[in-house]
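Take a look at the model first.

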Amino acid sequence: MENFKMTAKTFFGFEEILAKELQLLGAQKVEIGTRVVSFMGDKGFMYKANLALRTALKILKPIKTFKAFNDKSLYEGIKKIDWTDYLNEHQTFLVETTLHSEHFNHSQFVALKTKDAIVDQFRELNGKRPSIDKDFPDLQIHVHIDRDTVTVSLDTSGASLHHRGYRSATNIAPINEVLAAGMLILSGWEGKSHFLDPMCGSGTILAEAAMIACNIPANINRKEFAFEKWNDWDAELFDDILESLLKKTREFHYTIRGYDKAPSAVSKAKDNVRNANLDEYITITNENFFDSKKETEGPLHMVFNPPYGERLDIDMERFYREIGDTLKQNYPNTNAWFITANLEALKFVGLKPSRKIKLFNGKLEARLVKYEMYEGSKKGKYLNTEE
């Protein structure tokens with residue numbers, strides 16, 4: 001099988017860890033961009049990337065690049081592609097667009113022109129045409145315009161790869177699965193200690209932590225990928241790739257625990273963990289973090305997503321002060337990481353973070369922060385307590 005170029009889309013701040021993921025999987029010519037990483041691989045690697053990458057949102061396969069300055073040159077460029085290689089008149093398609101151009105500033109207009117060019121090509125061939133299907137298209141086409149450069153790609157993934165397939169129940173402010181996985185990787189989580197998410201919500205961070213610890217492919221529970229509807233879909237090759245990935249799973253010898261003070265969240269988290277077939281690794285209990293103490297010997301790795309005050313009405317100053325107090329008093333020998341978009345509230349934690357990483361949670365600018373809690377005397381001589 002011959003290699004071709006692909007592009008993996010991701011969140012801001014995850015480009016380098018996605019590039020590393022791709023290199024470890026065996027991608028060639030990996031190049032980092034902004035929110036994207038490009039690479040080379042064959043059809044089997046395309047299947048593998050969709051199955052295994054934790055921090056990718058989409059895998060696109062570019063098929064044509066050309067210049068366009070107006071709707072006429074866009075239409076002509078799209079029509080020059082031989083669409084019979086990818087579609088027939090009985091199938092359906094959908095066009096998505098991303099624009100960074102002064103020549104084109106309306107995504108629906110670009111999608112409409114693209115659709116017209118494809119449909120007209122088929123009509124001229126045999127009088128029949130494929131139709132649009134917004135819900136379950138046979139082919140998803142992605143048009144990216146950067147100034148005057150148009151890149152037409154096939155979307156190999158379909159629905160965003162954060163749709164892992166295990167989450168049936170969510171809470172008020174669930175964290176995106178790709179964001180959770182990226183936070184865990186940035187925190188250095190590799191499954192080499194005990195793990196705790198003390199505000200686990202619907203259990204996303206717990207599930208992603210267990211999959212990383214056991215090297216389970218991120219999208220093992222997904223129902224389908226877009227490439228399964230393509231003309232060159234190779235089910236046997238896909239099964240071989242999946243089997244080879246599953247052979248690389250590993251044993252995990254520590255505990256993964258989640259707390260939440262809301263019984264409804266605990267119930268949802270347990271359902272999602274069960275859906276992911278990870279319940280043998282994860283224990284979830286109904287507890288208030290602020291009343292808890294470290295229960296395990298040795299180092300503890302903690303990653304969580306506390307409320308920001310966006311959707312939950314809480315006293316931010318008191319809440320974040322309690323986070324700091326609980327860590328300081330009850331969690332020695334712990335690396336504690338959490339994400340917040342409430343940058344003001346970080347001042348109340350009362351501890352100095354040893355790392356701050358800029359990320360986005362949806363459209364909210366956020367910080368992933370690390371607090372290192374050392375084993376120390378009862379007088380509280382922690383190396384990172386602010387004066």
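**Salt bridges in the predicted model**

Lys-115 and Asp-116 join through their side chains in a salt bridge, at 3.6 Å from N to O. This model is predicted. It holds 21 salt bridges. A few of them are set out below.

- Asp-116 has a relative accessible area of 24%. Asp-116 is therefore partly exposed, as that class lies between 20% and 50%.

**Asp-146 and Arg-147**
- A salt bridge connects the side chains of Asp-146 and Arg-147, with an N to O distance of 3.6 Å.
- Arg-147 is exposed because its relative accessible area is 58%, and exposed means over 50%.
- Asp-146 counts as partly exposed, at 29% relative accessibility.

**Glu-243 and Lys-247**
- The side chains of Glu-243 and Lys-247 also form a salt bridge, at 3.9 Å from N to O. That pair qualifies because the cut-off is within 4 Å.
- Lys-247 is exposed, with 66% relative accessible area.
- Glu-243 has 45% relative accessibility, so Glu-243 counts as partly exposed.

- In the Asp-146 and Arg-147 bridge, the arginine is exposed and the aspartate is partly exposed.
- In the Glu-243 and Lys-247 bridge, the lysine is exposed and the glutamate is partly exposed.

Methods:
Residues numbered from 1 in each chain as written. Predicted model: local features only at pLDDT ≥ 70, side-chain atom pairs only at ≥ 80, totals over all residues. Heavy atoms only, no water. Buried < 20%, exposed > 50% of the residue type's maximum accessible area, 1.4 Å probe, protein only.
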